Amino acid sequence: MAVVTPDEFRQHGHALIDWIADYTEGVEQYPVASQVQPGDIRAMLPEHPPAHAEPFADVLADLDRVVMPGITHWQHPSFFAYFPGNGSYPAILGDLAASGLGVQGMSWVTSPACTEMETLMVDWMQELLGLPDHFRSTSATGGGVIQGSASEATLASILAARWRATGGSINAMGDTTHLVAYATSQAHSSIEKGLRIAGIGTSQVRIVPHDESFAMRVDELDCLVRDDLAAGLTPFWVCASRGTTSSMAFDPTPAIAAVARREHMWLHVDAAMSGIGALAPELRWINDGLELADSYCTNPHKWMGVNFDCDLFYTADRGSLLGALSILPEYLRSAAAEAGAVIDYRDWQVPLGRRFRSLKLWFAIRSGGVEQAVEMIRRHVTLTQELAEWAAADPRFEVVAPHPLNLLCVRLRDGDAATDALIERANATGRALFTRTVLDGMVACRISVGGRTTDRRHVAAAWALLQELAG
Ligand SMILES: *Cc1c(COP(=O)(O)O)cnc(C)c1O
């Protein structure tokens with residue numbers, strides 16, 4: 001292998017930073033969704049790996065020639081699909097610094113700064129989001145950790161709950177046949193997946209009916225729980241979604257918590273998308289009931305200008321989490337850990353290895369600034385409310401779900417086929433990108449307003465496009 005010299009690294013690195021800045025500033029020139037067909041990207045590349053090193057300039061040129069056509073532009077201001085995945089310059093640099101250091105943060109001793117920075121960042125975020133103190137690392141029984149994704153956080157929550165419900169013994173953990181979990185049909189797919197991984201099959205998952213706002217009906221939860229108890233089963237885990245993926249519905253956490261408390265069920269609150277909204281003090285209602293939750297997650301990698309991956313996971317019961325996930329092989333022993341003086345985050349997650357993710361959060365908070373994130377969140381919420389007014393004023397459209405934050409679901413009164421055709425035609429223009437969903441059997445178009453640079457003109461153009469194509 002040819003050795004890349006430090007001078008070459010500097011030169012390539014500067015070129016790549018320029019490339020990223022040019023991309024970011026010029027992203028609007030691209031069609032939002034990639035236009036390629038399956039196999040197109042691979043066909044542009046040699047089938048076999050090169051035998052010898054090639055000039056970096058050639059690699060960079062192929063980034064434009066080969067990779068760019070296959071990119072769907074999540075940083076595009078007219079990206080209204082899925083959910084936001086907005087990045088920002090400071091976070092990109094923080095991630096680069098983490099790559100440069102190349103440390104593994106599985107234990108405190110493997111790089112003390114990696115652990116201590118992460119603990120401080122989750123505590124800073126607890127404070128910035130106005131989360132209850134029982135999630136703070138300095139609390140008696142709780143604490144936070146950065147996970148790669150909300151799916152991993154949810155799985156960790158389920159494993160902790162399983163440990164607690166099976167008497168806190170790793171031997172008892174095998175018997176999960178009597179455990180029952182609860183969520184609505186609107187909960188994220190990662191909930192069913194996590195339960196399945198934990199040995200809780202579909203027959204042990206209860207789909208709790210929702211109301212017309214797509215939020216959990218707690219009277220129905222209560223009935224299901226009582227039926228399961230009467231059948232000799234053990235309700236062990238319930239998920240309250242604060243901002244569902246499909247329509248951004250908000251399950252009533254305090255009432256769910258009352259049922260959970262009564263039956264000693266673990267309450268997990270999934271606010272992966274919307275939780276970051278609580279950075280704005282007037283949106284703190286998102287946190288209602290969290291003081292009664294056993295665990296909570298939200299994603300800076302969705303709505304805070306922090307590039308993937310960065311999920312905040314908090315628990316009020318770290319003992320159960322550590323009980324479920326601690327393993328101590330000889331080669332990971334350390335005096336500091338044995339004295340109980342430090343945190344070893346490997347025991348808070350499924351994988352052993354972990355990246356220095358807190359750096360990008362630290363860079364984003366210090367160099368990007370929290371006011372900027374709050375300003376962005378407020379802009380998205382305001383634009384969504386304005387968009388809802390435009391939609392309500394057009395008799396061809398109907399708004400099909402409450403829209404307190406930055407997601408609007410609309411459909412054509414002409415029905416499912418017309419709505420499907422509209423989404424397909426709008427997306428094919430490349431001028432904006434929307435996602436289809438089905439709400440209570442009805443097709444709807446999700447308009448998720450969350451680009452870092454998304455402004456009024458982008459939302460207005462997206463709406464004009466939908467109106468134009470609605471016929
Ligand atoms: C996006 C989302 C998830 C999944 O998040 P990942 O970090 O991609 O695993 C889970 N729940 C909700 C409510 C979400 O919006």
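Student: Which residue is the bridge partner of E398 in β9?

Tutor: Strands of a sheet pair through backbone hydrogen bonds, either parallel or antiparallel. Here, R411 in β9 is the bridge partner of E398. Strands are DSSP runs (E, at least two residues), as are helices (H or I, at least four), numbered from the N terminus. Two strands pair if DSSP finds at least two bridges between them. β8 and β9 (residues 407-412) pair antiparallel over three bridges.

Tutor: Some ground rules first. This is a predicted model, where local features need pLDDT of at least 70, side-chain atom pairs count only at pLDDT 80 or more, and totals for chains, interfaces and linings use all residues. Residues are numbered from 1 along each chain as its sequence is written, and side-chain values use heavy atoms, with hydrogens and water left out.

Student: In what order do the four strands of that open sheet run?

Tutor: The order is β8-β9-β11-β10, with antiparallel pairing. β8 (397-399) and β10 (435-439) are at the edges; each has a single partner strand, so one side of each lacks a neighbour in the sheet.

Student: Which helix packs on this sheet?

Tutor: Helix α14 (residues 370-393) does, touching β8, β9 and β11 (442-448). Contact means heavy atoms within 4.5 Å. The direction of α14 makes about 15° with that of β9. Axes are lines fitted to C-alpha atoms, for helices over the stretch in contact, and angles run from 0 to 180 degrees between N-to-C directions.

Student: What is the pairing in the seven-stranded sheet?

Tutor: Mixed, in an open sheet ordered β1-β7-β6-β5-β4-β2-β3. Its edge strands, β1 (143-147) and β3 (205-208), each pair on one side only. Four bridges join the antiparallel strands β6 (residues 295-298) and β7 (residues 311-315). Within this pair, Y296 stands opposite Y314.

Student: Which residues come nearest to the ligand?

Tutor: A150, S151, D270, N299 and K302, of the 14 residues around it. A residue is near if one of its heavy atoms lies within 4 Å.

Student: Which polar side-chain atoms lie by an oxygen atom of the ligand?

Tutor: One of T245, at 3.4 Å, and one of N299, at 3.0 Å. The side chain of D270 has an N or O atom 2.7 Å from a ligand nitrogen atom.

Student: How much of the ligand's accessible area does the protein cover?

Tutor: 91% of the 390 Å² that the ligand has on its own. Accessible areas come from the Shrake-Rupley method with a 1.4 Å probe; for residues, only the protein chains shown count as cover.

Terms used
Polar contact = N/O pair within 3.5 Å; in protein donor to acceptor, adjacent residues only side chain to side chain.
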